[in-house]
Amino acid sequence: MLAFGIGAACALALAEAGASICLVQRHASDSAEPNLETYNAIKAYIKNKASEQAVEVVYCDLDNLDEVKGLFEKGLEVMPGKEINVLVNCAGIQRRAPAVDFPEHDWDEVSSEYISISPVYVMFLETGR
């Protein structure tokens with residue numbers, strides 16, 4: 001299977017190991033369809049394997065801590081058996097450009113403004129409860 005990014009690679013590896021997968025994705029914007037490449041790859045793998053595994057997607061804005069606080073419960077609701085055994089936190093973004101040409105706005109998004117450690121912390125707290 002083809003995977004892009006750490007989160008996709010983790011999800012695909014866990015599916016190959018027999019796990020059901022609950023993917024978390026940001027909400028689609030008005031101008032763009034959601035990226036379902038990882039979901040479709042796992043769905044195809046499960047279908048080809050004739051497995052009882054499941055793959056589901058829940059949507060969350062990781063900048064909204066109230067939404068993050070309800071995310072684990074939302075995941076439990078969609079998963080067969082209402083059970084989640086492993087949490088992999090891999091949210092992030094990437095921008096590519098030669099270092100000398102890297103736009104400051106892109107650096108701000110990648111390094112601080114866009115990705116906060118707070119959603120990761122909240123997800124671990126909610127998972128532990």
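Visitor: Where does Glu-126 lie, and what makes Glu-126 count as buried?
Guide: In this predicted model, Glu-126 belongs to helix 6, residues 118-128. The relative accessibility of Glu-126 is 18%, and the term buried applies under 20%, so Glu-126 counts as buried.

Visitor: Which residues does Glu-126 touch, not counting those up to four places away in sequence?
Guide: Glu-126 touches Lys-69 and Phe-72.

Visitor: How do you know that the length of helix 1 agrees with its number of residues?
Guide: Helix 1 holds twelve residues, 5-16, and at 1.5 Å a residue it should span 16 Å. The C-alpha atoms at its ends are 17 Å apart, which agrees with that expectation.

Visitor: Which residues of helix 1 are buried, and why are they said to line one face?
Guide: The buried residues of helix 1 are Ala-8, Ala-11, Leu-12 and Ala-15. Viewed down the helix axis, they fall within an arc of 95°, so they line one face of helix 1. Their cover includes strand 1 (21-25) and helix 2 (37-49).

Visitor: Which residues make up the largest nonpolar core?
Guide: This core has ten residues: Ala-11, Leu-12, Ala-15, Ile-21, Leu-23, Ala-41, Ile-42, Ile-46, Val-55 and Val-57. Helix 1, strand 1, helix 2 and strand 2 (55-59) each give two or more residues to this core. Apart from it lies another core of six residues, including Val-58, Cys-60, Val-68 and Val-122.

Visitor: What makes strand 1 and strand 2 a pair, and which residues form the covered face of strand 1?
Guide: Pairing needs at least two bridges; strand 1 and strand 2 have five, in the parallel sense, so they pair. The bridge partner of Cys-22 in strand 2 is Glu-56. The covered face of strand 1 carries Ile-21, Leu-23 and Gln-25, while Cys-22 and Val-24 are on the uncovered one. In a regular strand, side chains alternate between the two faces of the sheet.

Notes: Residues numbered from 1 in each chain as written. Predicted model: local features only at pLDDT ≥ 70, side-chain atom pairs only at ≥ 80, totals over all residues. Heavy atoms only, no water. Helix = DSSP H or I, 4+ residues; strand = E, 2+ residues; numbered from the N terminus. Expected span 1.5 Å × (residues − 1). Buried < 20%, exposed > 50% of the residue type's maximum accessible area, 1.4 Å probe, protein only. Arc of directions from axis to C-beta. Contact = heavy atoms within 4.5 Å. Core = buried A, V, L, I, M, F, W, Y, C linked by side-chain atoms within 4.5 Å.
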